[in-house]
Amino acid sequence: MSSANGDVDGAPPPPHTLFDTILVLDFGSQYTHLITRRLREINVYSEMLPCTQKIAELSWKPKGIILSGGPYSVYAPDAPHVDPAVFDLDVPILGICYGLQEIAWTHGQNVSAGEKREYGRAQLQLEPHTSMSPHVDELFKGLGQDFEVWMSHGDKLSKLPEQFVTIAKTANAPFAGIAHTEKQYYGIQFHPEVTHTPKGTILIKNFAVNICKAGANWTMEAFVDKEIARIRALVGEKGQVIGAVSGGVDSTVAAKLMKEAIGDRFHAVLVDNGVLRGGEAKQVHQTLTEGLGIQLHVVDASQRFLGLLDGVSDPEKKRKIIGNTFIDCFQEKANELTAAAHNTPQAGEIEWFLQGTLYPDVIESISFKGPSATIKTHHNVGGLPEKMHLKLIEPLRELFKDEVRAMGTNLGIPHDLVWRHPFPGPGLAIRIIGAVTPEKVRIVQEADAIFISEIRAAGLYGQIAQAFAAMMEGKAVGVVGDQRLHGYIIALRAVSTSDFMTADSFVFDGEWLKRVVNRIGNEVQGVARVVYEVSSKPPATIEFE
């Protein structure tokens, strides 16, 4: 795990020492991660740390700092505040919503509760100050005289802090934008990071590039070259790495990156748990070995998993059985590969474990609010390196999902793999409500194959974030030919989402959907009824269990 300085087990320098970096300090806003994403999207590297970060503990200096929004009131006794040393760094600072109020509180405590909460769209009017220092108007450069913004706040500035001027206002917020007359400190009451502020990305670019002078050189091409060099230095000339793959985009990109870095000294392992999609293990083996040249070992443990799942209906128990059994199978294979390495003098020891941690996982662990409440156990192998005495290597830990996809494209991974829909670690076991049986697995596999093939044939796959077939608990009555059938109920689900935090059901053409339903009912033996599930997230989750 990296520290605030990003150092991992003596590894070569992390990205913030190689790229100009904007530091985002998180006050617990649900939008904070979007600030970092918007900066990355304009090719400016950014990292997020909690608002309580001590500046003295940083070994690097950011080009600028953004203070996020948050659910607190700056005047409350237990309100979070930044380290005062933030204002001694002599770098530009932008406060967003709570961040604006934090700047105002630090410069005079002129913040109070508003008469009413302002939530939703508002029209921002700019107030230029051409006679003052040029930096005052730089934040809104090129945005026009007024534009639409997204507000979400209850408190507001009661008056301007000393040495600040108003640079924008709305009907309900007379200090919607402020700027220091001498220092490059800015505060805005609205949220430029959300899509509801259409010109927000331009504002963020004005701050990062024009004001902070950060280089817009964060690209996957540049990162891949530096990361390959970092991996080689970390692992050494003989060191070997083992890692689990699933065929999903994260593990595939991580595996391909390791292949590029150390060749056949990386050993990928696919554990067939018996609840994969139809033909999945064979397809992943072919794709990774023949298509990408990755050394892949397939462990067929399907009967072992299905035997342990027999009669288990509770979803959490299913997840834990699959997670724990996966660790056992993986460790057994690792021991076998380690023994083989001992008998090959020219090869080094297997001492590293590859894990596909992404930046949202890191953000979740360092957020000021801390990790969110557990909705359901996530299948991962986070405890595996400790149990196996392996050191962790996480080449994707600084990346968002869209950056992982961009890296995959840069590494030459086919488009279909890069944009493949997510598939859960516990597989079909959490798409079968109730007990898992071989017959149920076969039915869901066949129904899912029809659903996905029809989506692809209609040219809709790229418009959908995730689509799959699941099985409801219990049975229903149907009619096949002239005979009564007491069969299973298949539920189809397809969602649209950009971040998987919220999602809406995808709207299919009615005639197309009827054709898919008829195909599954006619072609998949044991199915009595097919439904299309339209719940949004929240309140539902994307997966069924």
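Biologist: What covers the buried residues of α11?

Modeller: The cover includes α1 (32-41), α4 (220-235), α5 (249-262) and α12 (415-418). Contact here is heavy atoms within 4.5 Å, and buried is under 20% relative accessible area, with exposed over 50% and partly exposed in between, using a 1.4 Å probe and protein chains only. Keep in mind that this is a predicted model: local features need pLDDT of at least 70, side-chain atom pairs count only at pLDDT 80 or more, and totals for chains, interfaces and linings use all residues. Residues are numbered from 1 along each chain as its sequence is written, and side-chain values use heavy atoms, leaving out hydrogens and water.

Biologist: OK, and which residues of α11 are buried?

Modeller: In α11 (residues 401-410), they're Glu403, Val404, Arg405, Met407 and Gly408. Helices are DSSP runs of H or I with at least four residues, strands are E runs of at least two, and both are numbered from the N terminus.

Biologist: What follows α11?

Modeller: Glycine 412, and its phi is positive, near 85°.

Biologist: Back to α4. Is glutamate 227 buried or exposed?

Modeller: Glutamate 227, which is in helix α4, counts as buried because its relative accessibility is 3%.

Biologist: And what is glutamate 227 in contact with?

Modeller: Leu257 and Pro395, if you leave aside neighbours within four places in sequence.

Biologist: Switching to the sheet: what order do the strands have?

Modeller: It's an open sheet of five strands, β12-β11-β10-β13-β14, with parallel pairing. Two strands pair if DSSP finds at least two bridges between them. β12 (296-300) and β14 (391-393) are the edge strands, each pairing on one side only. From one strand to the next, the twist averages 30°; axes are lines fitted to C-alpha atoms, for helices over the stretch in contact, and angles run from 0 to 180 degrees between N-to-C directions.

Biologist: How many bridges are there between β10 and β11?

Modeller: Four, joining β10 (residues 240-244) and β11 (residues 266-272) in the parallel sense. Glycine 243 faces alanine 268, and isoleucine 242 faces histidine 267. β10 also runs parallel to β13 (residues 350-354), with four bridges, and there glycine 243 has leucine 354 as its bridge partner.

Biologist: Why is β10 largely enclosed?

Modeller: Because four of its five residues are buried.

Biologist: Which helix lies across β11 and β12?

Modeller: That's α6 (residues 280-291), running at about 170° to β12.
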